[in-house]
Amino acid sequence: MSNPADRAVDIRARAQGFVRVRSISFAGRRVVEVDAQGEDLAGALSPSDGHSIAAAARYSREQRLPLLIRLASSGANLQHGVAALDGWGGAAHELTRCSGVVPTMVIVSGPAVSGPALMLGLADIVVMVSDSYAFVSGPAMVKQFTGVPVDGAELGGPDVHERISGVASSVAADVAEAESIMADVLRFLPDHTDAIPPVQACSDPVSRPTPEAYEVLPPSVNGSYDCREIIRSVIDDGDLLELHALWAPNLVTGFASMGGRPIGVVANQPQSIAGTLDITASRKGARFVAFCDAFNLPLLTFVDTSGFYPGKDLEWRGMIRYGAQLAFAYARATVGRVNVTTRKSYGGAYIVMDSKTMGNDIALAWPSAEIAVMGAKGAVEILHRQRSAEERAELESAYEERLLNPYIAAERGTIDAVIDPAETRQRVCAAFEMLAGKRERLPRRRHDNTPL
């Protein structure tokens with residue numbers, strides 16, 4: 001006999017259209033599932049289909065259950081005219097109201113065009129199957145308006161959205177793999193914003209030494225390394241679920257656990273543009289930090305960056321605004337926040353990478369950390385540009401010895417402790433244990449005004 005808790009509950013079962021809504025058991029969790037994978041007219045949405053998606057989102061929010069959408073739709077059904085657009089508008093409205101209340105997840109198994117494509121931008125987690133595609137305006141429209149011929153894959157295939165647009169959190173070979181990824185994501189998430197993430201089974205001792213974490217650092221301060229090696233050495237069982245791995249690779253974001261408690265991890269990646277922050281990385285980090293804060297995932301930040309990536313093009317495109325997004329996300333986050341500075345932490349990037357002045361709870365640093373306005377070479381070139389090469393070399397050496405260490409910051413209280421790298425896991429677990437009961441009351445206001 002089947003378990004009653006595993007049985008599906010139909011919602012709007014007799015409604016017209018192809019969209020079907022059910023409450024089902026998925027990966028051992030109760031979720032609201034929307035099957036919006038149409039075959040006729042490439043899944044064009046009728047007004048009733050839009051109403052069904054809206055009803056599913058509303059039910060998900062009211063019942064405090066995660067929302068899982070399976071999507072393959074070419075957009076509004078032209079035969080229904082503006083009524084189909086109204087149906088989609090209602091769905092978008094209800095999906096927006098789910099934001100920050102329940103996790104919203106989409107598996108794209110076919111086309112996602114026009115309105116349905118925008119649905120991906122409203123979702124928290126998007127997994128695209130290898131033969132799917134998504135765009136607001138299709139190849140024919142692009143050619144008509146720009147004269148540039150382009151096919152669906154080049155315009156909006158999974159590779160584009162995984163590497164360039166950042167729409168896809170991950171790409172799967174088929175639907176089965178996409179479901180597996182979503183199940184893995186749910187391991188770390190609560191059902192809704194008022195719940196605590198489920199505790200993970202963990203046999204990895206919280207007191208386990210991590211000397212291998214420090215061994216990852218290269219001998220040269222300018223040498224490259226993979227920050228994921230440090231992350232995996234510190235977290236439970238090396239289990240890191242990375243999201244947006246190929247988009248803005250200079251910043252790593254993902255889920256993990258510490259002592260069985262799910263957390264969000266953010267880390268500068270020296271393998272890509274030396275771990276500097278650019279527009280894309282700032283957007284990626286801000287979105288992830290805000291998501292973790294919404295669903296009560298404490299944040300662990302590994303810092304190794306020499307600053308914001310310089311360039312005229314970046315400044316013209318709004319580096320100021322986008323860099324502020326990351327600062328804004330950290331500053332308003334109320335979950336427990338621990339950061340570990342492993343090597344460089346310079347200038348404005350030091351501030352936005354969850355520094356103490358941004359509201360960080362526990363700031364740790366390895367003895368190898370360099371916390372300053374800028375590196376020795378840049379500082380000497382600004383302050384002593386008239387000196388000879390030999391004099392500048394001596395000044396650089398003196399600057400490094402006097403200022404490029406974590407102890408000055410520790411004396412000022414902006415670093416709580418300079419720790420032995422072998423104790424990183426133990427110290428971080430203890431910090432999150434202490435912060436488990438953190439509660440922060442926010443001022444009453446309609447909403448904040450994110451620097452979009």
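In which hand does α10 pass α12? The legends below take up this crossing and several other views. The structure is a predicted model, in which local features need pLDDT of at least 70 and side-chain atom pairs count only at pLDDT 80 or more, while totals for chains, interfaces and linings use all residues. Residues are numbered from 1 along each chain as its sequence is written, and side-chain values use heavy atoms, with hydrogens and water left out.

**Figure 1. Helices α10 and α12.** Helices are DSSP runs of H or I with at least four residues, strands are runs of E with at least two, and both are numbered from the N terminus. α10 and helix α12 (residues 319-332) pack at an angle of about 20°, and their axes lie 8 Å apart. Axes are lines fitted to C-alpha atoms, for helices over the stretch in contact, and angles run from 0 to 180 degrees between N-to-C directions. The angle makes α10 roughly parallel to α12, a term for angles under 35 degrees; those over 145 count as roughly antiparallel, 65 to 115 as roughly perpendicular and the rest as oblique. The crossing of α10 past α12 is left-handed, meaning that the near helix is turned anticlockwise from the far one by less than a right angle. Contact (heavy atoms within 4.5 Å) involves residues of α10 including I279, R283 and A286, and residues of α12 including M319, Y322 and L326. The contact comprises nine nonpolar, four polar and three charged residues. Here Ala, Val, Leu, Ile, Met, Phe, Trp, Tyr, Cys and Pro count as nonpolar, Asp, Glu, Lys and Arg as charged, and the others, Gly among them, as polar.

**Figure 2. Helices α1 and α2.** The axes of helix α1 (residues 47-63) and helix α2 (residues 82-98) come within 7 Å and cross at roughly 10°. α1 is therefore roughly parallel to α2. Their crossing is left-handed. Among the residues that meet are P47, H51 and R58 in α1, and W88, E94 and C98 in α2. By class, 10 nonpolar, four polar and four charged residues form this contact.

**Figure 3. Helices α2 and α3.** α2 also packs with helix α3 (residues 115-122), at an angle of about 5° and with the axes 10 Å apart. The two helices are therefore roughly parallel to each other. W88, A92, L95 and T96 in α2 meet G115, L118, M119 and L122 in α3. This contact has six nonpolar, two polar and no charged residues.

**Figure 4. The second largest pocket.** On a 1 Å grid over the protein atoms alone, a pocket is an open set of points with protein on both sides within 12 Å along at least five of seven lines, whereas a cavity is a set where a 1.4 Å probe fits but cannot get out; lining residues have an atom within 4 Å of a point. The second largest pocket holds about 550 Å³, a volume being the space filled by probe spheres set on the points, which are joined across faces, edges and corners. Its lining has 21 residues, of which I196, N296, A436, K438 and R439 are the closest to its centre. β11 (261-268), α10 (279-294) and α17 (424-435) each supply at least two lining residues.

**Figure 5. The largest cavity.** The whole structure contains three cavities of 30 Å³ or more, and the largest cavity has a volume of about 50 Å³. Its lining includes V303, N339, Y350 and K356. Strand β13 (residues 337-346) gives the most to this lining, with three residues.
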